[in-house]
Amino acid sequence: MVVSSDAPRPDDMPARTVLDEQDISRALTRITHEILERNRDADGVLLLGIPTRGVDLARRIAARMSEVEGRPITPGSLDVTMYRDDLRMRPARALEHTSIPEDVDGKTVVLVDDVLFSGRTIRAALDALGDLGRPKAVQLAVLVDRGHRELPIRADFVGKNLPTSLAEKVKVRLTEADGEPDSVTIVGGAS
Amino acid sequence: MKSSHLLSAADLDRDDALRILDTAEELLSVAQRPIKKLPTLRGRTVVNLFFEDSTRTRISFEAAAKRLSADVINFSAKGSSVSKGESLKDTALTLQAMGADAVVIRHSASGAPHRLATSRWMSGSVVNAGDGTHEHPTQALLDAFTMRRHLGDLEGKSITIVGDVLHSRVARSNALLLHTLGAEVTLVAPPTLLPVGVETWPVAHAYDLDANLEKADAVMMLRVQRERMNASYFPSAREYSRRFGLDTARMNRMPEHAIVMHPGPMNRGMEITADVADSPRSVIVEQVTNGVAVRMAVLYLLLGGAADADSPEGNA
């Protein structure tokens with residue numbers, strides 16, 4: 001989330017693709033099955049994507065889940081901007097959309113994001129969830145875990161573990177958000 | 001926002017205005033949540049500095065600041081040292097010494113917020129909550145927000161503002177903001193209640209309410225501000241309400257989708273009849289609800305980001 005979107009001047013550096021369209025699709029299918037396996041079925045599971053790309057990923061997982069379960073599953077989105085700890089470090093940002101399709105009380109909420117990095121976005125998401133109700137449990141699904149955690153947070157479902165150096169940037173591209181084919185690339189750093 | 005103050009609706013360009021309205025759209029849902037609070041402005045102090053009476057604006061700003069977890073200090077001129085003759089400057093210095101991050105000011109003198117913002121008496125953000133007969137930008141924002149929720153994009157929409165334009169800061173701010181948002185505004189009032197120079201405003205004006213009802217997407221009634229009138233601007237209250245009041249017969253001539261607005265407080269029976277004020281087409285109560293969300297958006301965008309990042313004097 002933090003590094004995926006508007007990383008400054010990464011375009012002049014060499015990029016290497018670590019996940020292509022096929023890999024991302026397979027990873028999401030696996031995550032879907034893992035979520036269903038862990039929670040027995042989709043009853044009581046509420047998928048909440050973190051804007052912007054987490055929402056697209058949550059929609060894709062929900063679509064796969066609907067297929068397996070044979071009933072429509074509606075994902076939601078949870079904007080965490082107002083709960084971030086770095087608000088005072090830059091000008092006020094525009095808010096993203098929050099939509100909570102059903103009450104979170106007693107549900108198993110699965111947060112979905114594209115990249116897990118410092119863990120601060122997830123910390124903010126947990127605070128935001130706490131103001132919405134009391135879920136039975138909260139789980140975390142991410143497409144990429146690139147390490148370098150700054151908080152005691154881990155993911156339950158990971159598309160790919162990607163050891164990176166802090167000098168590198170991880171870029172996630174999704175058709176819905178970026179209008180280009182799905183990909184995960186690493187930019188910069190020594191390679 | 002580009003400035004660290006909100007003094008006039010004219011300071012907002014289209015992008016700024018839309019940013020506030022879009023932010024308010026998201027913040028509106030906070031009112032429906034079990035915990036109606038966001039931690040965003042924790043530790044910031046917002047002072048409501050009210051030199052003039054107000055119910056909804058002060059309560060609205062107070063609720064907005066509290067929902068963002070800011071500390072709120074309410075100051076009203078009555079019962080304060082202002083009645084002992086303290087000047088605006090000394091009041092401002094006191095607030096600065098107390099560490100106010102934002103001051104929401106209402107004053108009977110036009111330009112008081114501007115003086116406060118440009119004086120260097122204090123370093124916080126200044127929000128104009130109504131100054132004399134000049135401007136009331138957050139009211140215009142909440143009106144535009146309410147219209148947008150009912151009418152969609154305001155580009156090309158026709159808005160009729162009726163009544164005491166001369167004394168109305170609401171009308172002035174609305175005219176400026178709605179023009180920025182692309183709406184076509186018509187001011188309707190008796191000639192005595194239109195300000196000198198209204199022809200230089202980016203709006204049309206007319207003297208006949210009946211001719212301006214059929215095209216209106218929204219009709220906004222203004223309060224007749226008796227307390228600011230030092231002469232007789234119209235022959236009698238009865239004649240005023242006959243010619244410029246909104247009653248059921250007039251409301252029925254408005255298009256089906258058109259809404260009725262009033263910034264409050266209303267003089268029922270004067271500029272608007274009780275039937276119209278309580279009709280389903282009246283969005284007057286909704287304006288109050290939306291006011292909190294819009295003021296949350298303004299406070300968030302002014303105070304939520306980097307401290308003093310874009311204020312000219314920095315953190316002196």
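Biologist: What makes a stretch of this predicted model a helix or a strand?

Modeller: Helices are DSSP runs of H or I with at least four residues, and strands are E runs of at least two. Chain B has ten helices and nine strands.

Biologist: Why is chain B called as compact as a globular protein of that length?

Modeller: The globule rule gives 20 Å for 316 residues. The radius of gyration of chain B is 19 Å, close to that value, so the chain counts as compact in that sense. Along its principal axes, the C-alpha trace spans about 55 × 45 × 35 Å.

Biologist: How much of chain B counts as buried?

Modeller: Of its 316 residues, 58% do. Chain B still exposes about 12800 Å², and carbon and sulfur atoms supply 50% of that.

Biologist: Which residues of chain B does the "binding site" annotation cover?

Modeller: The unreviewed UniProt entry lists B:K84, B:R169 and B:R223. They are spread over 140 residues of sequence, and also in space, up to 31.3 Å between C-alpha atoms.

Biologist: Why is B:R169 called buried?

Modeller: Buried means under 20% relative accessible area. B:R169 has 8%, so B:R169 is buried. B:R169 sits in helix α6, residues 169–180 of chain B.

Biologist: What is B:R169 in contact with, leaving aside neighbours within four places in sequence?

Modeller: Contact means heavy atoms within 4.5 Å. The partners of B:R169 include B:E52, B:R106, B:D131, B:E135 and B:R228.

Biologist: And what does the record say about chain A?

Modeller: An unreviewed UniProt entry annotates residues 18–158 of chain A as "domain: Phosphoribosyltransferase". That span is 34% helix and 21% strand, and its end C-alpha atoms lie 14 Å apart.

Key:
Residues numbered from 1 in each chain as written. Chains lettered and ligands numbered in written order. Predicted model: local features only at pLDDT ≥ 70, side-chain atom pairs only at ≥ 80, totals over all residues. Heavy atoms only, no water. Rg over C-alpha atoms; globule rule 2.2 N^0.38 Å. Buried < 20%, exposed > 50% of the residue type's maximum accessible area, 1.4 Å probe, protein only. Areas by Shrake-Rupley, 256 points an atom, 1.4 Å probe, with all protein chains shown as cover. UniProt positions renumbered as here; feature names shortened; annotations may be inferred.
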